[in-house]
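Have a look at it, then read on for a guided tour.

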Amino acid sequence: MSRPRAISILMARPLLSALCLYAALPEVSALGPSQSRSDAALRPSEDLDFEDLDEQKTNLTESGHPGKALTCHHMTPAVLTPGDAFCPSACPFMAEDDEKACSFRCVMGSECHLYNFFTSIPEFDGMYCRSCLVQGCEQCAEVGDFCAKCGIGYTLTKAGKCKGQLRMPWVVGSIVMVGLILFVLAWYVDLWCRPVSNREGVQEGLDFRKRLKLQRYTREAQGPVEGEDEQMTRVRVHGPVPAAISHNELWPLTTNTLRTPAAGPGTLLFFNFQVAVMAWALLLAFCWLTMALRTDPDLLVLGTRVVETPWQFCSVIAWGADTQGRLMWAKVNFTILAYLGTFLLSLLHAGRQQKLLADLDHTTTMSHFAALCSNLPVESGKELSEEKLREFFESNTGQEVVGVSVCWDFEDRAEAVAKAVEEDIARVEQRFKEMTHGVSGVPVMQQSLDAGQSQERRQSGSKWSCFNSVDKVLLDALGVEDGAAATTDAPIVTDAERGGEQNDRHQRVQALLHGLQTSGSAFVVFRTEAARNQALQHWERLKPSINGCFPKLELSEAQPETVWWDKFTVERKRYVVRILIGIAVILGALLLWACIFYLPYAVYVSSFSYAVGSDPNWIVQQLFSLVVTAGNQIMYFLCQAISERVGHRFRGSREALYVILYVSACFINVLLDLSISGYVSYKMMVAQGAHGSGNQRLQDLGTFKEIFESFPMQKTFGQELWLYAFPACFLYPFLVEPLLLVCLPYHLATLITRSRPELRGSKAEKVLGSMAPMDLSRYGDVLLNCFLASAIFFFPGGFFLRTFLALVGCHLWIFIYDHYRVLRAVPEFYYSDDVVDKTANQIMAIPCAVIAGCVVFKSNCQPGYHCVADERLFPLSFLAVFAHILLHWTVLAWIQRKRHRDDHKRDDGTTYETAAANCPHTWFSSNPVYCLRSRYIYKDEVPVNFYMSGKEHLLVPQVTSSKESEKFAGDSSGFTWSMSRLLTPKSYKA
């Protein structure tokens, strides 16, 4: 899970666990339909007087009671139909006979213990006999809600209650949690009440936040620049030029993300994948509804009837078992059709995705000019590798090479390189401010305003040091250094003040660059796509060598912004070893997770004697669920950390591995949760003497299949899976996520910035520009929900329609939220390939395989189908699952090979200069080491600047005249992202 997703699930999973525990209880309410709520007032106190108790009900008559009238002390089996029954006023309480399951007798309140010792207490809400309601009790007292013997982990008090031995740690933990919540609330109130002393910083941060978002770039046609010589024309090949009028704007919310690749083809495929899942679920819901209405409407409610009395429970179980067996043929036939339809639709969708990608390939992008070269000789950073390689490729391909963007080995020095790049960007920004606003970097009007507000800005932050400490922790997490209050960022250095400090910095960066080595890989950029294709063909025939190495030149579909430039030294063997280590870490964490969290949970809930009504209270469930959820989040963070450290060279492959690990962790989590919940439910129903069809008790069932297929377990598992899916997985995380990832961070960042005058310039930008990035881990959420929906086929049909309709409705909300988030609430990003989408289509084989396994399992011994022994049925079902996965992957691989896009078909003659003029991300401006070498090694007069999202306004023409300076100072909107000669490559310097 990505962090956004992990945080949202962390907030939703405690409620999820509570719902699963609630689902494990039999659906017997405290109030029967034949009794009014006014009867609750007649409930006796704990000190029961049975003679007075029986007299309280003597005024009851049989009139107004629907259902079947029973006879006092006469044993009556529960009827097959799920109707209600009532006892006469002489013996108003219904007691289940312990000798025969689902047989009831009408008794007085004082006679509840005669036929079942464990149900000796009369319950007025429902008029039946029940056991004592004492948490942790193993054996009830003879009278009242009192305990005679407590279970493991509890001690018996003088009042007849059970006191938990670990109660004190829970109390201490609760006090600490409440105290922490109160402190956070107090900090928020203080933050809200602080005086506003930094409106300018807030505006600067908001402007930067807007520039960070996904932008739509437009540009007028580029023509020759008057007065520009040939050399300066060639300068423009590494970025947009100032001669054309260009501007940027946010993509409108009405953008059709299903057809417009605003954030790249990979994002467009992601939105189409979501729509395909909704269409699949809607089609299954419609088909099931149609078939059920034509066959028997009972299919729509099977397993979902609500029961409120023991009589109703037995009646529904008998009716459900009979209906399930009678209509199993319809469910099996529909499951077969659902399997075939899901398999076929998933393959058609995969083919359609390939076609969409091929259609998008008609647009010329950066990837169409570059080829990836590997197996190059390793050279020191002191060598002029870019120049040598450019001459080598030009001489051996016969084509003009724009430049060579070398991939350097700096994985261990990535932080130092990033810091050097940030310092250069800060220097350029300072010069930009000096050219547009004067030497101080602040507009004249703003300087006077700052002076007028000096008194207002004397207070920074809160009056309370503890709350200032919270501010500091948050600012440190955002990378904002603590410093004294100032109206603007301190000037870095002017040209007149550089002196020895600047020389020291130059030497430090040069030493850093000299200490690097090439990775053996590089991107070779050609003038046109046709030139690249011809160069590749010539390379295959010639197979040249350099310094004893035979480089391999091949196509690359990656875009510059998707390249991880510091990962090209990770060899395949090292890459595989890191993945294996990551898998071992995940398995170890799962084992540790199960031993520390789930095993104690199972022991804890098993210590209660459900036969006498003992049940963990709601607070204990929530606190323990929170602990279990915290352990669960470790898995999601582990998956993300492993996928980042494996060493992927491109963002798409990293996201694909992340989705695989994330989905695997989720699947294991679901299986663990359902297995433990099912075990607890089974233990509870066995203790309560629950039975299957034919009045056979669950504890007397011999095989796992008999237990699993018994209607009480089918009903319980179906309810648990439904509650697990909706709203816990389908909805809750995606209601919490916008609040935690979009609204709350923005709100808090605004409050902090407006109360701290020192947060100006880059500091304000770091605070208000902190937005959770967008990734394609949402594929994992969608695939998990598909898995849950497909697993519902194992359980009664009454859950089918609600599950698929909930999937459609919730994913419609997810689609709307993701649409808004991509266009308005995340930093700019770009996914250029379909690596993650292909991985998702392959993982879709698992939901299809689950349905295939359900077909084999449910059709066993049905008329016209196979019939094998129970011990052979499970291996056969697993064989069907694995066989389908192999079949699915084989057919999918054939489709992807058949529709794999060839070379770019529509070569319209676009040159690299033209393409770079409309794209701030180039093969040179996206390579941090290339930009540093341009400035410190080649010492270009106009060095190549590193492209940083939100800093496009720095890529502007160099202002030389005072008239131009006045023009730019009056309108900063003209600096949107017109790239300038600051992106000059060394290869074009005279």
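What follows is a short walk through the model, from the whole chain down to one residue.

## The big picture

First things first: this is a predicted model, not an experimental one. The protein chain is built with 29 helices and 17 strands. Of its 990 residues, 54% are buried.

Take the contacts between residues at least 6 apart in sequence: 79% of them join residues at least 24 apart.

The average pLDDT for the protein chain is 77, and 75% of the residues score at least 70.

## Helix α4

Helix α4 covers residues 199-212, which makes 14 residues. From its first C-alpha to its last it reaches 20 Å, close to the 20 Å expected at 1.5 Å a residue.

Which residues of α4 are buried? They are Glu200, Gly201, Val202, Gly205, Phe208, Arg209 and Leu212.

## Two helices side by side

Now find helix α22 (residues 778-791) and helix α23 (residues 800-825). Their axes lie 11 Å apart, and the helices pack at an angle of about 175 degrees. An angle over 145 degrees counts as roughly antiparallel, so that is the label for α22 and α23.

Who touches whom? On the α22 side, the contact uses Arg778, Val782, Asn785 and Ala789. On the α23 side, the residues are Thr803, Phe804, Leu807, His811, Ile814, Tyr817, Asp818 and Arg821. Sorted by class, this contact has 6 nonpolar, 3 polar and 3 charged residues.

## Helix α24 and Asn841

Helix α24 (residues 835-843) is largely enclosed by the rest of the structure, because 7 of its 9 residues are buried. The buried ones are Val836, Asp837, Lys838, Thr839, Ala840, Asn841 and Ile843.

Let's zoom in on Asn841, which sits in helix α24. Is Asn841 buried or exposed? Its relative accessibility is 5%, and buried means under 20%, so Asn841 counts as buried. Which residues does Asn841 contact, leaving aside neighbours within four places in sequence? The model shows Phe273, His349, Ala350, Gln353, His888 and Leu892 in contact with Asn841.

Technical notes: Residues are numbered from 1 along each chain as its sequence is written. This is a predicted model: local features need pLDDT of at least 70, side-chain atom pairs count only at pLDDT 80 or more; totals for chains, interfaces and linings use all residues. Side-chain values use heavy atoms; hydrogens and water are left out. Axes are lines fitted to C-alpha atoms, for helices over the stretch in contact, and angles run from 0 to 180 degrees between N-to-C directions. Helices (H or I, at least four residues) and strands (E, at least two) are DSSP runs, numbered from the N terminus. Angles under 35 degrees count as roughly parallel, over 145 as roughly antiparallel, 65 to 115 as roughly perpendicular and the rest as oblique. Contact means heavy atoms within 4.5 Å. Ala, Val, Leu, Ile, Met, Phe, Trp, Tyr, Cys and Pro count as nonpolar, Asp, Glu, Lys and Arg as charged, and the others, Gly among them, as polar. pLDDT is the predictor's confidence in each residue, from 0 to 100. The expected span of a helix is 1.5 Å times one less than its number of residues. Buried means under 20% relative accessible area, exposed over 50%, partly exposed in between (1.4 Å probe, protein chains only).
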